[in-house]
Amino acid sequence: VRWLTISGNERFFAVTKRIHNNLHGSPGDGGGLGEAERAIYEEALAASAGALAELVRPGDIVYLHDPQTAALTRMTRDAGVSVIWRCHVGIDKPNDLARRAWAFLTPYIEEANAFVFSRREFVWDGLDQGKLWIVPPSIDAFSPKNQDLDPVAVGSILATIGLAADDRPAPVFRRQDGSLARVDRRAKLTQDGPLPGDAPVIAQVSRWDRLKDPAGVLRCFSEHLRHPSAHLVVAGPSVAEVADDPEGAEVLAEVERLRASLPDEVRARTHLASLPMDDVEENAAMVNAIQRHADVVLQKSLAEGFGLTVAEAMWKARPVVAGRVGGIQDQIIDGVSGVLVDDPADLASVAGAIDGLLDDPDRARAIGQAARQRVLDEFLGSRHLVQYMNLIQVMLQKEGKA
């Protein structure tokens, strides 16, 4: 078993980001998806197809993930392998933009041996139902992003990245291979000062993406939240190190300008953190510490494929407030393992849900514990692995090898 990552160029990532936005029903940059974009898309993937063909043998099974890889379905089938195409994104109620993206991608993926979607609501019209599998994503409980961290490690990591003042021992985490490592890099921060040690903290961790609505998070906090001592942390990856998201820098700049316009007292309680991506596992440990430090984790997505950031926070027994969109509503049982807001664009309702948890720590704690149990029951890798094994067995049977 091996994991491979495709390469691309600026034009390819502009097209695939447009596809991604369209699949969520959003216009994105407003550009087209015609023959010119198809040529850009196929040309960029041709090199990856050639490299992949050298690594596989007839009878192998190849998983291809998401729209960026769809054209590889046709290209890879020529090598005599079985192809499973896995889609992590979608929309509950498709519009013309989503259907446009489906029309662009369908000629590639309809040649796959199987399609895997995260939710039945995301399945496209016209696909062969005999090839369809529904497999929700899962988290790895032992990864640096989700492993247990004691309060000393949490405080030390936050101090190292610049979010907190702390002089405790060096922040240590365990890498995926079992070795110990340390968080050494500092985040790029936009803040007036570090988090006070006793302040309630609300945190959202996600890409700098308009569909995650970080600007809306800032307005929700500044205009509607009642708690005068609460602090907000909005964290995302360093935009300089995420090549496949050309809109990230624009979105971060918009949020920074919005923060700068806030009244002094409110601005002093807001923190924007761009987390370095030089070491992916170190970055994951930073996310882990931010979520564990938060009193409430927010995921105010306007649209969402599945949103495993929610499950990651739930695993840490954090109460989550999130929009009732996409796969988030599959993870949270409203009022039991989190709080769902019917319309995430309704800032007053989002703030009311957060205030309700901050007002009642016992309820927040009970929801956090129920959230962890929910992930233990439904969203760990063991369930996911069994479903994948069943799918692979079916593929092998079809090839006469099982």
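# Reading folds, one feature at a time

Guide: Buried means under 20% relative accessible area, exposed means over 50%, and partly exposed lies in between (1.4 Å probe, protein chains only). This is a predicted model, where local features need pLDDT of at least 70 and side-chain atom pairs count only at pLDDT 80 or more, while totals for chains, interfaces and linings use all residues. Residues are numbered from 1 along each chain as its sequence is written, and side-chain values use heavy atoms, leaving out hydrogens and water.

Visitor: Where is the place of Asp66?

Guide: Asp66 sits in the loop between E1 and helix H3 (72–77). Helices (H or I, at least four residues) and strands (E, at least two) are DSSP runs, numbered from the N terminus. There is something to notice in the backbone too. Most residues other than glycine have a negative phi. Asp66 is not a glycine, yet it has a positive phi of about 70°.

Visitor: What is the order of the strands in the open sheet of 4 strands?

Guide: The order is E1-E2-E3-E4, and the pairing is parallel. At the edges are strand E1 (61–65) and strand E4 (132–134), each pairing on one side only. On average, neighbouring strands of this sheet are turned by 25° against each other, direction ignored. Two strands pair if DSSP finds at least two bridges between them. Strand E3 (residues 114–117) and E4, for instance, pair in the parallel sense over 3 bridges, and Val116 has Trp133 of E4 as its bridge partner.

Visitor: Which helix packs on the sheet?

Guide: Helix H14 (residues 381–398) packs there, touching E1, strand E2 (82–87), E3 and E4, and its direction makes about 130° with that of E1. Axes are lines fitted to C-alpha atoms, for helices over the stretch in contact, and angles run from 0 to 180 degrees between N-to-C directions.

Visitor: At what angle do helix H6 and helix H12 pack?

Guide: Two packed helices are described by the angle between their axes and the distance between the axes. Helix H6 (residues 214–224) and helix H12 (residues 347–359) pack at about 70°, with their axes 9 Å apart. H6 and H12 are therefore roughly perpendicular to each other; angles of 65 to 115 degrees count that way, with under 35 roughly parallel, over 145 roughly antiparallel and the rest oblique. Their crossing is right-handed. The contact brings together Gly216, Arg219, Cys220 and His224 of H6 with Leu347, Ala348, Val350, Ala351 and Asp355 of H12. Sorted by class, this contact has 5 nonpolar, 2 polar and 2 charged residues. Contact means heavy atoms within 4.5 Å. Ala, Val, Leu, Ile, Met, Phe, Trp, Tyr, Cys and Pro count as nonpolar, Asp, Glu, Lys and Arg as charged, and the others, Gly among them, as polar. A crossing is left-handed if the near helix is turned anticlockwise from the far one by less than a right angle, and right-handed if clockwise.

Visitor: Is Asp355 buried or exposed?

Guide: Asp355 counts as buried, at 3% relative accessibility. Setting aside its neighbours within four places in sequence, Asp355 is in contact with His224, Leu225, Arg226 and His227. Leu357 is found in helix H12 as well, and Leu357 is buried, with a relative accessible area of 2%. Beyond its neighbours within four places in sequence, Leu357 touches Val296, Pro319, Val321, Val339, Arg363, Ala364 and Ile367.

Visitor: Is the crossing of H5 and H9 left-handed or right-handed?

Guide: The crossing of H5 and H9 is left-handed. Helix H5 (residues 151–161) and helix H9 (residues 280–293) pack at an angle of about 115°, with axes 9 Å apart. From H5, Val154, Ile157, Leu158 and Ile161 meet Ala285, Met286, Ala289, Ile290, Arg292 and His293 of H9. The classes here are 8 nonpolar, 1 polar and 1 charged.

Visitor: How many residues of H10 are buried?

Guide: In H10, 6 of the 8 residues are buried, so it is largely enclosed by the rest of the structure. They are Val310, Ala311, Glu312, Ala313, Met314 and Trp315. These buried residues pack against H9, E11, E12, helix H11 (328–331) and helix H13 (361–378). Just after H10, Ala317 takes a positive phi of about 60°. Ala317 lies in the loop between helix H10 (308–315) and strand E12 (320–323), and Ala317 is buried, with a relative accessible area of 13%.

Visitor: Which residues of E12 are buried on its two faces?

Guide: In a regular strand the side chains alternate between the two faces of the sheet. In E12, Val320 and Ala322 on one side and Val321 and Gly323 on the other are all buried. Strand E11 (residues 296–299) runs parallel to E12, joined by 3 bridges, and Leu298 has Val321 of E12 as its bridge partner.
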